[in-house]
Amino acid sequence: SLVFAATALVAFNPAFLFVTTGVTNDALLFALSTWAYVLMVQLVLRGGDSEPTRASWALVLLLGVTLGLSALTKQSALALLPVAALAVIWGTRGQAQPRRAAVLWLLLLVGVIALLAGWWYLNNTLAYGDPLGFQPHQTPEGDWRPSPIQIIRQLGQALKGYWAVFGWGLIEVEPMLYVIIALFSLEGLAALFFSLLSGRLCSGSSVTCRILAVVGFGVLLNLLGMLLWLWRTSAPYGRLLYPTLGPVAVLLVLGWQHWLGRRHHRLFAWVITLTLGLFAVSVPWRYLRPAYADPVVSAPDAENTMPVDVRFANDLRLIGYRMEPQDAKPGECTNFTLYWQATREIDAPLTVFVQLAPNDPEQHVASINDYLGGSHYPSDVWQPDETIRQVHRLQLPDDMPVPGVYWFTVGLYE
């Protein structure tokens, strides 16, 4: 049952499913990095062999091939190299000449990786002076240096994206779902930590401790790489943590097992599996289908709205709006739908902001900024006289004063 739970944390991760349905190198990197961890665990398990065998050399060779292909797939795979080195050293622990065997295995490992992926990084260095190809990902000014608070906030957004943010960060699920996921994750990690301190999970220099150290070291390096990425760029993509998607699932399940005990962990594992599976199945219908619905509607569809007929620059008209529900309460979400029409082609993409405020517009209680037309049908590809529908989802704060009269403010900017 615990195997099913760990598998479910990967197979039913909604954001992972969303990412892997597209043409991306993240799916290949996940497969290669997961296989690399399997090989590293196998090496650690062979640490008791007194002499290197052909099977051991084959494991090191296969690990080198896997890591070389990983490094060729994505630069973030380079974080696997120190983890692999640790696994190789522990894999020679029981041999008659462990240092000599470790050096030979590391030379083989590095040689295979360099043969498969070294040419790519050398080419980047010679052609662009940037071996990792990192410069294009930095902010245009190149001086993005966020404060620690900003990094923490971006890390929180990345962790949300690890589980359930879609469409380049524009489509989110209900905030309470993120809270539930965070609580269960923290509970699993805390239980794992205390079980390690108490020695219930492993003790001393046992093989189990070494395997957990290899897996935990890989997760830590992946997290440090994410923090470095957030320090140099303003793109909190949760998919950058997917190289350790498998190890994180294993660690969480181990923590839950020791938190619940043997009596209840089987039931909990099935609850996690079924809950995540149902959540993953619901995502395309509840979140993706509305977000990717055709924004072009017929003129009659815009008639059942509150007409406003406001004209903006670029010959843009706001025809009307609709609010659902009409009696939204604090803490709830409201859908504010705008209907637009352009009388001519728009030269550049525009951004629309929607704010909800009382009589003083500076004291808005909720706001959102979106690409006009959304990311899949931006305003610069609109055709003249089309009627465009765009839904904006506003989260009302729990502490907003009620009852009261509130106004929506709508504006555009480039």
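## Strands and the open sheet

Two strands are said to pair if DSSP finds at least two bridges between them, and the strands (E, at least two residues) and helices (H or I, at least four) named here are DSSP runs numbered from the N terminus. The structure is a predicted model, in which local features need pLDDT of at least 70 and side-chain atom pairs count only at pLDDT 80 or more, while totals for chains, interfaces and linings use all residues. Residues are numbered from 1 along each chain as its sequence is written, and side-chain values use heavy atoms, with hydrogens and water left out.

β3 and β9 run antiparallel and are joined by two bridges, with valine 296 standing opposite isoleucine 388 in β9. They belong to an open sheet of five strands, whose order is β3-β9-β6-β5-β4 and whose pairing is antiparallel. The edge strands, each pairing on one side only, are β3 (296-297) and β4.

Further along this sheet, β5 and β6 run antiparallel and are joined by eight bridges, and glycine 320 is found opposite tyrosine 339 in β6. Between β4 and β5 there are five bridges, again in the antiparallel sense, and here valine 310 faces leucine 318 in β5.

## Backbone exceptions

Most residues other than glycine have a negative phi, and most peptide bonds are trans. Aspartate 309, although not a glycine, has a positive phi of about 50°; this residue lies in strand β4 (residues 306-312), and is partly exposed, with a relative accessible area of 42% (buried means under 20%, exposed over 50% and partly exposed in between, for a 1.4 Å probe and protein chains only). Aspartate 385 also has a positive phi, near 70°, but its place is the loop between β8 and β9, where aspartate 385 is exposed at a relative accessible area of 54%.

The peptide bond leading from glutamate 324 to proline 325 is cis, with omega near -5°, and proline 325 sits in the loop between β5 and β6.

## Nonpolar cores

A nonpolar core is a set of buried Ala, Val, Leu, Ile, Met, Phe, Trp, Tyr and Cys residues joined through side-chain atoms within 4.5 Å. The largest such core has 40 residues, of which Leu9 and Met226 touch the most other members. Among the elements that give two or more residues to this core are α1 (2-11), α9 (207-232) and α11 (265-291), and α11 gives the most, with eight residues.

Leaving aside residues up to four places away in sequence, methionine 226 touches Leu155, Ala158, Tyr237, Leu240 and Leu241, where contact means heavy atoms within 4.5 Å. Another core lies apart, with 32 residues that include Met40, Leu59, Leu63 and Val83.

## The largest pocket

On a 1 Å grid over the protein atoms alone, a pocket is an open set of points where a 1.4 Å probe fits, with protein on both sides within 12 Å along at least five of seven lines, and lining residues have an atom within 4 Å of a point. The largest pocket has a volume of about 1300 Å³, a volume being the space filled by probe spheres set on the points.

Its lining consists of 42 residues, and Leu170, Ile171, Ala291, Val391 and Arg393 lie nearest the centre. The largest share of this lining, seven residues, comes from β9, while α8 (175-198) and β5 (316-324) are among the elements that each supply at least two. By class, the lining divides into 18 nonpolar, 14 polar and ten charged residues, where Ala, Val, Leu, Ile, Met, Phe, Trp, Tyr, Cys and Pro count as nonpolar, Asp, Glu, Lys and Arg as charged, and the others, Gly among them, as polar.
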